[in-house]
Amino acid sequence: MKQPESKQQSTPLVRIRGLRFRRGSRWIFDGLDVDIPLGRVTAIMGPSGTGKTTLLKLIGGQLRPDEGTIEVDGENVHALSTPELYRLRMRMGMLFQSGALLTDISVFENVAFPLREHTRLTESMLRKLVLLKLEAVGLRGARDLMPSELSGGMARRVALARAIALDPMMIMYDEPFTGQDPISMGVLVQLIRRLNDAARITSIVVSHDVAETLEIADQVYVISNGKVVESGSPAQLQESGGEWTRQFIQGLPDGPVPFHYPGPGLQEDLLEKSL
Amino acid sequence: MTGLLAQLGSWGIETLTRLGRAHLLLLPMMRGFLDILRRPRLLLDQLFSVGVLTILIISVAGLFVGMVLGLQGFYILSRFGGETALGLMVAASLVRELGPVLTALLFAGRAGSALTAEIGLMKATEQLSGLEMMAVNPEHRVLAPRFFAGFISVPLLAAIFSMLGVLGGWMVGGGMLSVDQGAFWNGMQNGIDFHDDIINGVIKSVVFGFVCTWIAIFQGYDCVPTSEGVSRATTRTVVHSSLAVLGLDFVLTALMFS
């Protein structure tokens, strides 16, 4: 049964508490707390290397945190057995940065893949479903193409059609706008918003493309140094007085994130070399 | 000195860790056999790309190796007036040693490297992660069919290698060098023992098939997902497989024929 609008907006579908995760000796997340509300578009933003993609992999159970919990739809992802985790993943979709299409099968077969794996639909029903999914992303006519024949933007749209094939409760978008021309970017921005509004799919968009992300997000988390630096609506962030957020949103070359990589002073370095 | 010891220790730990990961991968691949039983098409597709596409290089190599064996064998045996034993010599060399060993080496070079590159690229392009997020186990769906295809293919390819090798030896011995054809085939039939020679040869090729495919798949699955990482993994597949085959051949020969 559908929940009332107010309840949907206040209930977090994903609840992250005290998340700590490290690679080698470097802490990627050091006490991260994030709530992803049901049925809304939540953006996770931050500069490259802050662990945005890692966060999606942690939510999807592909990586295990060192400390803390991640609950998706009330289930602690990292306490689930493998079959339970796979059952949960069937209710999640993920759009990878590269599209991650299977390169040896056609566009049609790529979208049909999760349906063939997890359902026992008849071939004619499966065909109709796949064509409807492709229609939703505007690529029904490209069903017979191979992934190598698609442009980057088309590949991502096919991947999106595949991600929604099983009608998931949420979709995670990993840098959906990176490397796209303005038209493809516009199409993807619209698609993400439309899917969210039409199918009430909870969306998590990880990106550092500020303008596009703020255009579609209902809520934004800005992360840096393993913690949430600021969160709020796009309007709140744009008016933020925080130095760090201002540098990121306005794309300023110097600020809390310094232009120069830490090192000895220039004079000191030059003198040392001339000795 | 301390630095050298530390490096050696680090290398040892890294090697043992990789070996451990390789063994841990075997279990899910074996479990993937159940998926193959439900969908044999997955295995058939891989049997084609791993096995059938390797037949040409195996056939050509087998024929030429047999022809060279025929020539070399004839020149040595004729010194003692033993040309009639040429058939036995060619067949025994092929069935016991050259068939399984050379097939495995060629398989590692052609199909093994291709398997590593394919799986490595699937990892680099996030296809394996994509499968996981679609709730499809890549170890069952991608790795297991390739593993069993390699495991099944190598003994069959070794049989083709040996058969064409014998044919090559006969073409040279019986055709070019006028060895008595009756003696050629008769010596082979009387001298080759089904258990000692053929079965032991088959056991060798089964072991080599298992090891070569396992190494190829593990290297691809465990590679650093970059172009350099895939390239290094492909090289490692050929080197490790070749060394493993040669080492295991000695051990198996010692066990079987001592």
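Chain A contains eleven helices and ten strands, where helices (H or I, at least four residues) and strands (E, at least two) are DSSP runs numbered from the N terminus. The structure is a predicted model, in which local features need pLDDT of at least 70, side-chain atom pairs count only at pLDDT 80 or more, and totals for chains, interfaces and linings use all residues. Residues are numbered from 1 along each chain as its sequence is written, while chains are lettered from A and ligands numbered from 1 in the order in which they are written.

The overall form of chain A comes next. Its C-alpha trace spans about 75 × 40 × 35 Å along the principal axes. A compact globule of 275 residues would have a radius of gyration near 19 Å, and the 21 Å of chain A agrees with this; the radius is taken over C-alpha atoms, and the globule rule is 2.2 Å times the number of residues to the power 0.38. Of the 275 residues in chain A, 38% are buried. A residue is called buried if 20 or more other C-beta atoms lie within 10 Å of its own, exposed if 12 or fewer, and partly exposed in between, with C-beta atoms placed from the backbone.

Chain A also meets chain B: 15 residues of chain A are in contact with ten residues of chain B, a contact being two residues whose C-beta atoms, placed from the backbone, lie within 7 Å. The chain B side of this meeting has four nonpolar, four polar and two charged residues. Here Ala, Val, Leu, Ile, Met, Phe, Trp, Tyr, Cys and Pro count as nonpolar, Asp, Glu, Lys and Arg as charged, and the others, Gly among them, as polar.

Within chain B, helix α6 (residues 138-176) packs against helix α8 (residues 194-221) at an angle of about 150 degrees, with the axes 8 Å apart. Axes are lines fitted to C-alpha atoms, for helices over the stretch in contact, and angles run from 0 to 180 degrees between N-to-C directions. Among the residues that meet are F147(B) and F151(B) from α6(B), and F210(B), W214(B) and Y221(B) from α8(B). By class, this contact has 14 nonpolar, five polar and one charged residues.

Helix α7 (residues 181-191) of chain B has F184(B), G187(B) and M188(B) buried. On the other side of α7(B), G182(B), Q189(B) and N190(B) are exposed. The cover over the buried residues of α7(B) includes α4 and α6 of chain B.
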